[in-house]
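Here's a quick briefing to read alongside the model. Take a look at the fold before going through the points below.

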Amino acid sequence: MEKNARISKMPPAGGLYDVFQKALKLKAEGKRIVHMEIGKPDFASPPKANEAVKEALDNGFVHYTEMAGIPNLRKAIADKELKKNDLVVNPEDEIVVTAGACEAISTIFLSYFSEGDECIILSPYFSAYKEIAVIAGVELIEVPLTIDNNFAVDIDEICKAVNEKTRGIIINTPNNPTGQVMTLDELKQIAELAKEKDLLIISDETYDQFLFEGEHKSIYGLEGMKERTLLVNSLSKTFSMTGWRIGYVIGKAEYIKTLTKIHQNLSTCATSFAQVGAAVALNECDQFTLDMVEEFRQRRDIIVAGLKEIPGVECNTPMGAFYVFPRISGTGLTSMEFCELILDYGVAAVPGTAFGADFEGYVRFCYACSQEDIKWALEQIKKAIEEKNK
Ligand code: PLP
């Protein structure tokens, strides 16, 4: 059967699935494998939220809900955004709850971009953006950052990428895969450019609670930016509930109305009972996230210190999320060769090429595994490089 022509434009996954498949095979053969390739927290979801879901199921809360999400979840989201990010959001008409951030981003692309439009993305970036852009017929224009200046934003480079086809910019802070956090100054520069060139900003704040230093600032809260920003967030990581599929978009009422038209046809509504548990998580489970983030901080310190000791590996200190994105080109290996080598020693990681065209020579590690596993993985990587260099 003839496939949709866009499918053939789907970018190759840059080695992500090759590593994942091989890691699973080695594990099945009984080898010890530390999984640092997939980006999901290794915690159970908060028990209170689980209880609320069970109760909702027992009470028969198993049918379609309001398309924008149940009112008390929208209220919980608005309360959280006010408390944590100082954003004033009307729960009545400025929020749509989606099946995770991925549905949120797809809905935005399908609602606010037309075929042939261009959208700027700072790279490296979360690879699903590219695939979603392809589905929507939108061209993603990559503006690469580098470890040489700690993945800081260079506004001049973004300006150079803007042309008459440019409709928007996606930003993601704290960032997957670098863990970097945008400064207020960087956000202000992007906001000014967006206003000057009449661009839409998609601000993916999925990791807003995963912060070890500094402060998370949302571009949505900057002067005049509510007019042109769609804020995306998710409970997947914040409450370790990646399988619950709860995310949301915040925006002006007229934008949310438009987004809801697409959302209605993609998923009708987010899962009813998961929404009930999500509201409880937001209202009552702050401490769960704080404890999890403190654990991630300790893991980050271990992995960064360990990677810095490995010859040929350059590693900065990420300020948030739960990834490190070192440059490994000094080992003399390509991203894929490095990942294949360390996988033979029991460590699964993702080649940098999965995160943008300019990231040959980098590797992403997700440290969502125990401190003991991280320490073992670091010893194994060190051993792999030492034995290669013999
Ligand atoms: N945005 C970023 C930056 C991510 O890293 C991820 C998942 O890894 C998502 C969105 C997807 O989140 P969700 O599970 O809510 O679809």
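Which residue in β4 does Glu118 stand opposite? Glu118 sits across from Glu139. This is a predicted model, where local features need pLDDT of at least 70 and side-chain atom pairs count only at pLDDT 80 or more, while totals for chains, interfaces and linings use all residues. Residues are numbered from 1 along each chain as its sequence is written, and side-chain values use heavy atoms, with hydrogens and water left out.

**Strands and crossover**
- β3 (residues 118–123) and β4 (residues 139–144) run parallel, paired over six bridges (DSSP has to find at least two bridges for a pair; strands are E runs of at least two residues, helices H or I runs of at least four, numbered from the N terminus).
- Between β3 and β4 the chain passes through helix α5 (residues 128–136), in a right-handed β-α-β crossover (clockwise from the first strand over the helix to the second, with the strands pointing away from the viewer).

**Arg299**
- Arg299 belongs to helix α10 (residues 286–308).
- Arg299 counts as buried because its relative accessibility is 3% (buried is under 20% relative accessible area, with a 1.4 Å probe and protein chains only).
- Its side chain gets to the backbone oxygen of Tyr367 at 3.2 Å.
- Beyond neighbours within four places in sequence, Arg299 is in contact (heavy atoms within 4.5 Å) with residues including Asp42, Phe43 and Ile374.

**Nonpolar cores**
- The largest nonpolar core has 74 residues, and Met36, Ile303, Leu307, Phe338 and Phe365 have the most contacts inside it (a core joins buried Ala, Val, Leu, Ile, Met, Phe, Trp, Tyr and Cys through side-chain atoms within 4.5 Å).
- α10 gives this core its largest share, eight residues.
- A second, separate core has 31 residues, among them Ile120 and Phe355.

Conventions:
Buried < 20%, exposed > 50% of the residue type's maximum accessible area, 1.4 Å probe, protein only. Polar contact = N/O pair within 3.5 Å; in protein donor to acceptor, adjacent residues only side chain to side chain.
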